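Hi everyone, thanks for coming. I'd like to walk you through some side-chain contacts today, so let me put the model up on the screen.

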Amino acid sequence: MEKLPLRFRELRKKHNLSQKQLGNLLNISASAYGFYEQGKNLPPIDTIVFLANYYNVSTDYLLGSSNTPQPRAKYYLDLEILLQNLEDNIYDNHLILSLDGRILDRDLEEDFLKDFENMIINTKFKLQQR
């Protein structure tokens, strides 16, 4: 983790940010953030992940496991295809939906799929209005 402080400093400067601005972003003081850059304190894992997302680099890059700042991949998901896949797999009994650890019965699955379909229809309408 010896590269972590260097990467924090490098990326902060590259993005023209002050330690105070980063502290505000992380809800910590500027000096607390400065300790990360000086290597005096290790940031919590959630801070490392947050900054990787914020700077669009991998956590491997921040931690020094990689020298390539590989931006995080973006995934595109067509909601109509997702709905069709959900329906196909639920009706073929290959997929069981649950929420908060509780399995949805067939009626709740049907309600969920109908609500999801309605959300897609409404979103399509809104997209057409733009």
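**Rings, charges and a surface patch**

Let's begin with tyrosine 54, which sits in helix H4, residues 45-55. Helices here are DSSP runs of H or I with at least four residues, strands are runs of E with at least two, and both are numbered from the N terminus.

A quick word on the ground rules. This is a predicted model, where local features need pLDDT of at least 70 and side-chain atom pairs count only at pLDDT 80 or more, while totals for chains, interfaces and linings use all residues. Residues are numbered from 1 along each chain as its sequence is written, and side-chain values use heavy atoms, with hydrogens and water left out.

Now for the rings. How many aromatic pairs does a search of the whole structure find? The search finds 6. Rings of Phe, Tyr and Trp (its six-membered ring) pair if their centres lie within 6.5 Å; planes under 30 degrees apart are stacked, over 60 edge-to-face, and the rest tilted.

One of these pairs is phenylalanine 8 with tyrosine 36, edge-to-face at 6.4 Å centre to centre and 70° between the planes. This pair links distant parts of the chain, with phenylalanine 8 in helix H1 (residues 4-14) and tyrosine 36 in helix H3 (residues 30-38), 28 residues apart. Both phenylalanine 8 and tyrosine 36 are buried. The rings of phenylalanine 50 and tyrosine 54 have centres 6.3 Å apart and planes at 15°, so that pair is stacked. Those two are 4 residues apart in helix H4, about one turn of the helix. Phenylalanine 50 is partly exposed, at 35% relative accessible area. Ring pairs also join Phe8, Tyr33 and Tyr36 into a cluster.

On to charges. Arginine 7 lies over the face of tyrosine 61, 4.0 Å from the ring centre; the test is NZ of Lys or CZ of Arg within 6 Å of the ring centre and within 35 degrees of the ring normal. Arginine 7 is buried, with 8% relative accessible area.

The structure holds 6 salt bridges, each a side-chain nitrogen of Lys or Arg within 4 Å of a carboxyl oxygen of Asp or Glu. In one of them, arginine 7 meets glutamate 10, with the closest N and O atoms 4.0 Å apart. Both lie in helix H1, 3 residues apart, and glutamate 10 is partly exposed at 36%.

Which residue forms a salt bridge with arginine 106? Glutamate 109 does, at 3.4 Å, N to O. Here glutamate 109 is buried at 6%, whereas arginine 106 is partly exposed at 37%.

How values were computed. Buried means under 20% relative accessible area, exposed over 50%, partly exposed in between (1.4 Å probe, protein chains only).
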